[in-house]
Structure formats: structure tokens, C-alpha cells
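Hello,

Here is the structure I promised to pass on to you. Have a look at it first, and my notes on what turned up follow just below.

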Amino acid sequence: MSLLADYALTPDVFDLTSYSNEDACRAYIELIREPLLTEGLVRDLRKGEWRRLFNDDRRPWHQRGKELVKKLFTQQRLIEFGPALSNRPVEDQDWCVEALATHQLFRFTGGIISTEAVKNAYPDEPLVARIDRLGSAQWWASRSPSVRPYRTTEDYKEHLDLVLRHSNSLLFIDPYLDPTKRQYQRFHELLVHAGNRTPSPLIEIHRVWYEGSGPGQRDVRESLVSNFRERLESPLCSAGLQIEVFVWDDFHDRYLISNLMGISLPNGFDTTAKPNDRTTWNRLGRDDRDDVQREFDKASKRHTLHRQFTIP
């Protein structure tokens with residue numbers, strides 16, 4: 001399971017008449033609200049038709065449900081999917097069929113949240129789970145604030161796939177990141193994974209001005225400019241990306257910060273050839289993510305900026 005998962009919801013999840021009473025409807029919406037807003041993305045099926053359903057008051061949508069859809073949209077957590085089937089959904093079960101069809105194009109890392117009525121049509125489909133029995137769905141129960149990827153570029157890309165493809169801003173924070181070094185020689189693949197889309201994301205890299213420690217410490221500010229341009233300019237141009245590199249006085253911790261989530265990475269983005277070497281990544285709380293982002297803002301004055309340059 002990745003730290004960020006994507007889901008689909010059938011419309012009846014937000015319909016008051018799907019539940020025994022209004023309080024039950026509110027309680028189940030509250031059950032999914034925080035996970036969706038902190039660790040989830042929702043597929044906006046048929047190019048936004050799903051989202052626009054909740055603008056029609058002819059159906060008794062719960063106000064909390066409408067508010068949740070609006071928050072998912074404003075926080076850029078709705079992933080717009082084009083039509084997967086030729087027939088436009090009419091009933092709630094049709095929306096489940098549409099969601100399942102998108103799974104054939106892009107596999108869910110989460111699943112489809114529905115009500116009892118829709119789930120009864122798919123009793124043996126593990127991707128579809130009743131909202132009142134979410135705990136029995138393996139893809140919901142396996143959610144975790146941490147993961148243990150192998151220290152390889154392939155595993156990094158797998159665990160960060162949704163973050164890289166759907167974030168509008170990405171801050172790679174690693175004090176010793178240098179794409180000419182062996183352990184970072186494939187770092188550009190993570191950047192490229194975020195590219196080839198419109199609009200392109202805002203991408204920043206943050207590192208320190210030196211290498212080594214004690215008597216062996218040396219100033220690498222000038223060489224960093226040429227090193228980054230030598231290894232990153234061509235792949236960035238091919239992916240339609242531009243990055244801003246910030247070189248600071250000193251810091252130690254490593255992070256990936258995006259508008260969707262923050263991740264603490266003890267070993268940063270470097271890799272190793274040791275086949276069984278793993279690291280542990282932890283998802284940050286919203287306040288901590290925001291504080292780390294403020295820490296590496298030029299206006300914060302928590303660090304001294306030694307150099308800044310753009311590629312390409």
C-alpha cells in the first residue's frame with residue numbers, strides 16, 4: 001500500500017435515503033472524510049460528470065457530503081478521468097461499472113466505496129466495499145502512515161506514483177542530493193515521472209552548500225550548478241519541466257513535500273545496490289507538512305540561502 005491511495009465513490013454514498021436516518025449518513029461520511037482529505041485522491045469519473053452530480057438538488061444529498069466533494073475539489077484531490085465506457089451512467093450501479101472500467105486502464109491503489117445496495121450487485125468483487133463495512137476491505141484496512149520501500153529507483157517510483165503524477169507542487173529536500181553522484185544517478189527519473197502534463201508542477205530541490213564534514217568539508221556551490229545542469233537539463237526539457245534549486249547553509253532531515261501530502265524520508269532520495277536494503281517513510285501530519293514547507297521558504301529566515309538557480 002502506498003502512502004497516497006486513490007478511490008472512487010458511488011453517488012449513493014452521499015444520498016440521505018441510502019441510510020436508516022440522517023445521523024447514520026453523517027457518521028459514515030465523517031468516517032471517510034479525514035482519510036480522503038489527508039491520504040487520498042478520488043476519481044472524478046467521466047471528466048467531471050461525477051462531481052457535477054452534487055450540484056443537482058433534485059436528489060437529497062447530505063450537506064456534509066456536498067461539502068466533502070467541494071473540499072476534495074478545492075484541495076485538488078479529485079482526479080479527472082475521461083469516460084471509460086460508451087454508455088453514460090444513470091443509476092448508482094452504473095457509476096460502479098464505470099469506476100471498475102477505469103481500473104482496467106489505471107489500477108486502483110485503493111478501491112470503490114459504495115452502499116449496501118450497490119455492493120449487493122458485486123458480492124465477490126473485492127474492489128467494491130460497503131461504506132458501513134469498510135474495515136473488511138483489505139485495501140482500506142491496510143492503510144498505514146508508513147511504508148518500507150527498497151532503496152531502489154523502481155520502488156521509489158512505485159510508492160510515489162500518485163504523488164508525482166498528481167501533485168501541483170513538489171519539494172525534494174535532501175541535503176546531499178547531487179545527480180552526478182552514483183547514489184543519485186537515476187534521480188532524474190523521479191522528476192520525469194511528474195512531467196508531461198499541463199499545467200506542469202512547480203518543482204523545487206533543496207540541499208546544502210557543502211560536502212563532507214570537519215577538516216574535509218568543502219564548498220561545492222559552483223560545481224553544483226554545472227552538475228545539476230549536466231544531468232538534469234535534457235530529461236527536464238523532454239518532460240516539459242523546469243525546476244528551481246535552492247542551496248542552503250545547513251539542515252539534516254530529508255522530506256518530500258507536496259500540496260497533497262508530506263513524507264519524511266530518513267535516507268532521502270539516494271539509492272543503494274544492496275538488494276535487501278530498505279528504508280522507512282512516514283507520512284507527515286498536515287501541520288507538520290506546512291511547517292516544513294515554511295522552513296524552506298526564502299521569506300522564513302530559518303536558514304541562510306547561499307545559491308539559487310533554475311534548470312533549464
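Strand β8 (residues 202-208) runs parallel to β11, and 6 bridges join the two. Within that pairing, R207 sits opposite V247 of β11. Please keep in mind that this is a predicted model.

β11 has another partner as well: it pairs with strand β15 (residues 305-311) in the antiparallel sense, again over 6 bridges. There, W248 has L305 of β15 as its bridge partner. How enclosed is β11 (residues 243-248)? Of its 6 residues, 5 are buried, so the rest of the structure largely encloses this strand.

Elsewhere you will find an open sheet of 5 strands, paired in parallel and ordered β3-β2-β1-β4-β5. Its edges are β3 (78-80) and β5 (128-130); each has a single partner strand, so one side of each has no neighbour in the sheet. From one strand to the next, the twist averages 35 degrees.

Inside this sheet, β1 and strand β2 (residues 40-44) run parallel and are joined by 3 bridges, with D6 bridging to L41 in β2. Helix α1 lies across β1, β2 and β4 (112-114), and its direction makes an angle of about 95 degrees with β2.

The side chains of N21 and S20 are joined by a polar contact of 3.4 Å.

Happy browsing, and best wishes

Methods. Residues are numbered from 1 along each chain as its sequence is written. This is a predicted model: local features need pLDDT of at least 70, side-chain atom pairs count only at pLDDT 80 or more; totals for chains, interfaces and linings use all residues. Side-chain values use heavy atoms; hydrogens and water are left out. A polar contact is a pair of N or O atoms within 3.5 Å; within protein, one must be able to donate a hydrogen and the other to accept it, and residues adjacent in sequence count only if both atoms are side-chain atoms. Buried means under 20% relative accessible area, exposed over 50%, partly exposed in between (1.4 Å probe, protein chains only). Helices (H or I, at least four residues) and strands (E, at least two) are DSSP runs, numbered from the N terminus. Two strands pair if DSSP finds at least two bridges between them. Axes are lines fitted to C-alpha atoms, for helices over the stretch in contact, and angles run from 0 to 180 degrees between N-to-C directions. Contact means heavy atoms within 4.5 Å.
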